[in-house]
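Biologist: I have the sequence and the model open. Can you walk me through what is packed against what?
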Amino acid sequence: MTSPTITAAASGTWTLGDRTVNRIGFGSMRLPQTGAAFDPDAAPRDRDQAIGVLRRAVELGVNHIDTAAFYFSRLRSANELINRALAPYADDLVITTKVGPGRAPSGEWIPHATPERLREQVEENLRQLGRDHLDVVNLRVLGADSIAERFGALAELRERGLIRHLGISNVRPEHLAEARKIAPVVCVQNLYGIQVRPDQDEFVDRCGELGIAFVPFYSIAGAGRDKGAGAEPERDEVAEVARAHGASAAQVRLAWTLHRGPHVLAIPGTGDPAHLEENVAAGALRLTEEDLVLLDAAHHAATPPAGT
């Protein structure tokens, strides 16, 4: 399942806001470094390799890229790499970024942004990406508190033309209901995958009913999270389905998320050209009913966490 002739178009399409995107996209979190994301000691990735991966992704039909200003290593910034590799941007390319969290230049996390600081973060993304507006901005949430004031601040920036569409990330259903009273929400970006957050199943379905894209993160890495794929032992069920299709475990995990509904958009990230092509090819993997029964059983074997 690694033929270079398979493009992101094989995954189907979804209308994200007012733009049509292929359902296999690209996440830029892993671009700035070769080790675990956000590790201040991780080695910066080779610049030419990172730029080459981004350009190859677009050649393969990827037109939805996820990023953030807090994706950086000692020498590399994901936004700067995207700007260098892809500007001037194609008309059909949607770049989604997120605000809320922040990191000091040393790499240490700082408190989540206040409404006033959110505007600074939006402007920071605009500057780094070299754009006069942002296609989609997700408000990244920490905890269960109300998001009305912060989401309202982003809605004001949307009214002023700095942001085209809004989304929310790491949220609960009540956050979505709260946000929709303030401004349209085009996507929800949450942790989700096989045996990762099965308690999110109903939320995934609800987003589909509302016509809102659900964008899972860490759907390949699972419990490994920012350490990447391979950080945790692979489940037997995933390995069995992978063998049956001559596919990789990562491809099976991506295909399973895409089977959760036509509104589910995948954003696998990598700095490796071969892994990029493998991830894109996962959009062509069609799981059988027997596969889905097996994988769904594995998924629901997980114990739901106490919170987001």
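Biologist: Which residues of α8 are buried?
Modeller: Ala 250, Gln 251, Val 252, Arg 253, Leu 254, Ala 255, Trp 256, Thr 257 and Leu 258 are the buried residues of α8. Buried means under 20% relative accessible area, exposed is over 50%, and partly exposed lies in between, with a 1.4 Å probe and protein chains only. Helices are DSSP runs of H or I with at least four residues, strands are runs of E with at least two, and both are numbered from the N terminus.

Biologist: Before we go on, what sort of model is this, and how are residues numbered?
Modeller: This is a predicted model, in which local features need pLDDT of at least 70 and side-chain atom pairs count only at pLDDT 80 or more, while totals for chains, interfaces and linings use all residues. Residues are numbered from 1 along each chain as its sequence is written, and side-chain values use heavy atoms, with hydrogens and water left out.

Biologist: Back to α8. How many of its residues are buried, and what covers them?
Modeller: Nine of the 10 residues of α8 are buried, so the helix is largely enclosed by the rest of the structure. The cover over those buried residues includes β11, α7, α9 (273–281) and α10.

Biologist: At what angle does α7 pack on α8?
Modeller: α7 (residues 236–245) and α8 (residues 249–258) pack at about 100°, and their axes are 8 Å apart. That makes α7 roughly perpendicular to α8. Axes are lines fitted to C-alpha atoms, for helices over the stretch in contact, and angles run from 0 to 180 degrees between N-to-C directions. Under 35 degrees counts as roughly parallel, over 145 as roughly antiparallel, 65 to 115 as roughly perpendicular and the rest as oblique.

Biologist: Which residues meet there?
Modeller: From α7, Val 238, Val 241 and Ala 242 meet Ala 249, Val 252 and Arg 253 of α8. Contact means heavy atoms within 4.5 Å.

Biologist: And how do α3 and α4 pack?
Modeller: Helix α3 (residues 115–129) packs on helix α4 (residues 148–159) at an angle of about 40°, with the axes 9 Å apart. That makes α3 oblique to α4. On the α3 side are Pro 115, Leu 118, Arg 119 and Val 122, which meet Glu 149, Arg 150, Ala 153, Leu 154 and Leu 157 in α4.

Biologist: New topic. What does His 299 touch?
Modeller: Not counting residues up to four places away in sequence, His 299 touches Tyr 192, Gly 193, Ile 194, Gln 195, Val 196, Arg 197, Pro 198, Asp 201 and Trp 256. His 299 is in helix α10 (residues 289–299) and is buried, at 0% relative accessibility.

Biologist: Where is Ser 219, and is it buried or exposed?
Modeller: Ser 219 is in the loop between β11 and α7. Ser 219 is buried, with a relative accessible area of 5%. Leaving aside neighbours within four places in sequence, Ser 219 contacts Tyr 192, Gly 193, Arg 253, Leu 254 and Thr 257.

Biologist: What about Val 215?
Modeller: Val 215 is in strand β11 and counts as buried at 2% relative accessibility. Apart from neighbours within four places in sequence, Val 215 is in contact with Cys 187, Val 188, Gln 189, Asn 190, Leu 265 and Ile 267.

Biologist: Is Pro 105 buried or exposed?
Modeller: Pro 105 counts as exposed, at 81% relative accessibility. The residue is in the loop between β6 (102–103) and β7 (109–110).

Biologist: Now the rings. How many aromatic pairs are there?
Modeller: A search of the whole structure finds nine. Rings of Phe, Tyr and Trp (its six-membered ring) pair if their centres lie within 6.5 Å; planes under 30 degrees apart count as stacked, over 60 as edge-to-face and the rest as tilted.

Biologist: How are the rings of Phe 38 and Tyr 71 arranged?
Modeller: Their centres are 6.0 Å apart and their planes are at 45°, so the pair is tilted. Phe 38 is buried at 18% relative accessible area, and Tyr 71 is buried at 8%.

Biologist: And Tyr 192 with Phe 214?
Modeller: The ring centres of Tyr 192 and Phe 214 are 5.6 Å apart and the planes are at 80°, so that pair is edge-to-face. Both Tyr 192 and Phe 214 are buried.
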